[in-house]
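These are notes for a colleague who is opening this structure for the first time. Please read them with the sequence and the model side by side.

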Amino acid sequence: MATSSSYPEPQPSTAQVPSDIDRSSIPAHVACVMDGNGRWASQRGLPRTEGHGAGEVALVDAVDGALELGVKWLTMYAFSTENWRRPADEVRYLMGFNQSLLQRRRDELNEKGVRIRFAGRRDWRVPRRVLRQMDESAELTKNNRKLTLTMAFNYGGRAEIVDAVKALIEEGVGANKIDEKAIAKHLYWPDMPDPDLVVRTSGEHRISNFLLWEIAYSELVFPDVLWPDFRREHLYEAVLEYQRRERRYGGLES
Ligand code: IPE
Ligand code: IPE
Ligand code: MG
């Protein structure tokens, strides 16, 4: 754990899947904006970085909750293309933290049948050692199929759309051949289904450049909890809320 002893060691949850969850309508893809780490730390008089460290248990607990539910795809927003605007110290911490988290957790995730992937730009600002750890974690887990955990890292929804358009142009695809299917096929992971459910913690009700293309018809849920306090029971609550929604995709209710 990348945390000090100034607060109790964060613990995983032992909550059970609620009996009223409908097992026949579990979202295939849940995407999370892990927000509120800085505020969690400030509330305790700690530096912001301690909040990121305390978010590790929340991340692993969310993965365990997703596995319990049978969610097949879980996407976690870990670092946005806009997060480079933060103070250099925090950015440096986040780079190192993401690298060491993978190092600490990749074997247990592998044993649980989790395939780890990354979505985002591999640009010069991401240190080489971080890229190496990402590649090794992806390679180690590439044959797992129980759950695909996509870490959105140096990820921006607009950047992803720009990159897709660039790829189309580089392939010489004519304007008459460009449609929604063509763009979707050139996103970072064309095999990834669109999220059914997006969960953003911390009370902020915005998307902050997350999966802009993919969330066109996602259900959005905003649990009032800071990310380091998020546990599988919050995921179960969000899925129950999802199951109360009616998805219409622009049509009429059935
Ligand atoms: C989310 O927590 C983690 C990242 C953006 C990397 P924040 O760091 O945004 O925490 P708040 O929103 O300032 O509380
Ligand atoms: C979104 O949170 C990015 C991540 C959780 C990685 P931010 O905290 O960066 O978003 P804003 O700045 O509040 O919109
Ligand atoms: Mg934030």
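1. In this predicted model, a polar side-chain atom of arginine 200 lies 3.3 Å from an oxygen atom of ligand 2, which places the two within a polar contact (a pair of N or O atoms within 3.5 Å; within protein, one must be able to donate a hydrogen and the other to accept it, and residues adjacent in sequence count only if both atoms are side-chain atoms). An oxygen atom of ligand 2 is also 3.2 Å from an N or O atom in the side chain of aspartate 35, and a polar side-chain atom of asparagine 83 lies 2.9 Å from an oxygen atom of this ligand. On its own ligand 2 has 390 Å² of accessible area, of which the protein covers 78%; such areas come from the Shrake-Rupley method with a 1.4 Å probe, and for residues only the protein chains shown count as cover.

2. The surroundings of ligand 2 include Val33, Met34, Tyr77, Ala78, Phe79, Arg86, Arg206 and Ser208, where a residue is taken as near if one of its heavy atoms lies within 4 Å.

3. Around ligand 1 there are 13 residues, of which Asp35, Gly38, Arg39, Arg48 and Arg86 come nearest. A polar side-chain atom of arginine 48 lies 2.8 Å from an oxygen atom of ligand 1, while the backbone takes part through asparagine 37, with a polar atom 3.1 Å from a ligand oxygen, and through glycine 36, with an N or O atom 3.4 Å from one. Of the 380 Å² that ligand 1 exposes when taken alone, the protein buries 86%.

4. Strand S2 (residues 73-80) runs parallel to strand S4 (residues 147-155) and is joined to it by seven bridges, with phenylalanine 79 standing opposite phenylalanine 153 in S4.

5. Strand S5 is joined by four bridges to strand S1 (residues 29-33), where cysteine 32 has valine 199 as its bridge partner, and by three bridges to S6, where the partner of leucine 197 is glutamate 219. Both faces of S5 are covered, with Leu197 and Val199 buried on one side and Val198 and Arg200 buried on the other. In a regular strand the side chains alternate between the two faces of the sheet.

6. Aspartate 196 is found in the loop between helix H6 (180-185) and strand S5 (197-200). Why does aspartate 196 count as buried? Its relative accessibility is 14%, and buried means under 20% relative accessible area, exposed over 50%, and partly exposed in between (1.4 Å probe, protein chains only).

7. Residues are numbered from 1 along each chain as its sequence is written, chains are lettered from A and ligands numbered from 1 in the order in which they are written, and side-chain values use heavy atoms, with hydrogens and water left out. As the model is predicted, local features need pLDDT of at least 70 and side-chain atom pairs count only at pLDDT 80 or more, whereas totals for chains, interfaces and linings use all residues.

How values were computed. Helix = DSSP H or I, 4+ residues; strand = E, 2+ residues; numbered from the N terminus. Pairing = 2+ DSSP bridges.
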